[in-house]
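The stops below follow one another, each with something to select.

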Amino acid sequence: MRSATRPGWIGAALLALALPALGNAGTMVELDFSNPGLAPAHWVLTLSPDGSGHFRPSVVTPRLIHRKEFEAANVDRDIKVSAQYAGHVFEVIHLHSNLRSECESHMKVAFQGWKKLTYSGPDGAGSCTFNYSKDKQIQELGESLVAVAGAIVEGARLETLLQHDRLGLDKEMEYLVEATGDGRVQQIGTIQGILQRLADDPEVMDRVRKRARQLLARADG
């Protein structure tokens, strides 16, 4: 009798251990962003609870941008943010009832870009769209996700400059260090690959390699 009940107990224990992983299956946060004054003007960023995700822009035609450097032509890629950051994103979403209520302030503020936040998971789904949110945490979350997208776009831009305009890397890296410092660019670890390439490349300027190492140190911190 005891030997017959033991396998059942083990099976129940294994199922209990698997439940957290099963709970994350299909759980996702998505930010759909659009601003015709920026490049890319429209993109979608998705994140899972483990920090994995994907960045997908609309089709972009290479052109000159405001800093007079070449625009990255292809930024469509898988990404990985830190587990701590992903945890914060989902915590904020859950604290706001999985986005089941309106979050636009309807205040007369400067246009910052339309941000549609969407949550889906085993505990339900919801979404809200805003230029400027009436809720401070949602507004800050939107700004933060836009800053993560900023890192991804910058990484692709660095790849383009490394291939076509190595001298342009100096100014771009100067901007990236400043933007990472003041929060305009976040989760710099999402572009660790290109930063390591620059740090190890003897054919780029010393300042570029030094700034790449500086940014890599921030990614590890």
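Start at P40, which sits in the loop between β1 and β2. Helices (H or I, at least four residues) and strands (E, at least two) are DSSP runs numbered from the N terminus. The model is predicted, so local features need pLDDT of at least 70 and side-chain atom pairs count only at pLDDT 80 or more, while totals for chains, interfaces and linings use all residues. Residues are numbered from 1 along each chain as its sequence is written, and side-chain values use heavy atoms, with hydrogens and water left out.

Next select N35, in the loop between β1 (28-34) and β2 (42-47). Is N35 buried or exposed? N35 counts as buried because its relative accessibility is 10%; buried means under 20% relative accessible area, exposed over 50%, and partly exposed in between (1.4 Å probe, protein chains only). Show its surroundings too: leaving aside neighbours within four places in sequence, N35 is in contact with A41, F111, Q112 and G113. Contact here means heavy atoms within 4.5 Å.

**The sheet**

Now colour the strands. Six of them make an open sheet, in the order β4-β3-β2-β1-β5-β6, with antiparallel pairing. Two strands pair if DSSP finds at least two bridges between them. At the edges are β4 (77-80) and β6 (124-130), each of which pairs on one side only. On average, neighbouring strands of this sheet are turned by 15 degrees against each other, direction ignored. Axes are lines fitted to C-alpha atoms, for helices over the stretch in contact, and angles run from 0 to 180 degrees between N-to-C directions.

Select β2 and β3 together. They run antiparallel and are joined by five bridges. The two strands form a hairpin with four residues between them, and G51 in the turn has a positive phi of about 95 degrees. Within this pair, L45 stands opposite F55 in β3.

Stay on β3 and bring in β4. Strand β3 (residues 52-57) pairs with β4 in the antiparallel sense over four bridges. Two partners in β4 can be picked out: D78 for H54, and K80 for S52.

Which residues of β3 lie on its covered face? They are G53, F55 and P57, whereas S52, H54 and R56 make up the uncovered one.

**The helices on the sheet**

Select α3 (residues 136-164), which lies across β1, β2, β3, β4, β5 and β6 and runs at about 110 degrees to β2. This helix has 29 residues and reaches 41 Å from its first C-alpha to its last, close to the 42 Å expected at 1.5 Å a residue. The expected span is 1.5 Å times one less than the number of residues.

Zoom in on the start of α3. There a side-chain oxygen of D135 comes to within 2.9 Å of the backbone nitrogen of Q137. A polar contact is a pair of N or O atoms within 3.5 Å; within protein, one must be able to donate a hydrogen and the other to accept it, and residues adjacent in sequence count only if both atoms are side-chain atoms.

**The loop between α2 and β5**

Move to S97, which is found in the loop between α2 and β5. S97 has a positive phi of about 55 degrees although it is not a glycine. With a relative accessible area of 45%, S97 is partly exposed.

Step on to N98, in the loop between α2 and β5. Its phi is positive as well, near 55 degrees, in a residue other than glycine. N98 is buried, with a relative accessible area of 4%.

**The disulfide**

How many disulfides does a search of the whole structure find? The search finds one, a disulfide being a pair of cysteine sulfur atoms within 2.5 Å. Select C103 and C128, which it joins with an S to S distance of 2.2 Å. The pair links distant parts of the chain, 25 residues apart: C103 is in the loop between α2 and β5, and C128 is in strand β6. The link of C103 and C128 is right-handed, with 105 degrees about the S-S bond. C103 is buried at a relative accessible area of 4%, and C128 is buried at 6%.
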